[in-house]
Amino acid sequence: MTESASPHISHPRIMVLKVQPGTPPFRIMEIDGEVVGEAKAITDVLEAAAAYGITVHDLDDPEVVRWVGGDKLTWKPR
C-alpha cells in the first residue's frame, strides 16, 4: 500500500486520556505530545487549550481533540 492510498490518520494537538480514579475522577491531558495536566470537566479541556493558543470550535472534531477511553461526556471511571 502506498502512502497516498493509506487511510488518513489524524494527529490532533489535544489528547484527553481515559478517566483515572480519584476524588473527583480526572483525565490526563496532552497537548502537542506533552502532558499538561488533569481535566476534571470539559471546561478544563477548553481552558488548557486556550492557554496553549488553541481555539476549539468543536469538541467532537477528531482533527482537533482525540478522546481516549470515552467521549467528552465521560468523566467517571467505567
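Modeller: Let's start with the inward side: helix α1, residues 42–51, has V45, A48 and A49 as its buried residues. Buried here means under 20% relative accessible area, while exposed means over 50%, with a 1.4 Å probe and protein chains only. Helices are DSSP runs of H or I with at least four residues, strands are runs of E with at least two, and both are numbered from the N terminus. In general, an α-helix has 3.6 residues a turn, so residues three or four places apart point the same way.

Keep in mind that this is a predicted model, where local features need pLDDT of at least 70, side-chain atom pairs count only at pLDDT 80 or more, and totals for chains, interfaces and linings use all residues. Residues are numbered from 1 along each chain as its sequence is written, and side-chain values use heavy atoms, leaving out hydrogens and water.

Back on the buried side, the residues pack against β1 (14–20), β2 (26–31), β3 (34–39) and β4 (65–67), with contact meaning heavy atoms within 4.5 Å. Of these strands, β2 is largely enclosed by the rest of the structure, because 5 of its 6 residues are buried. As for what follows α1, look at G53, which has a positive phi near 80 degrees.
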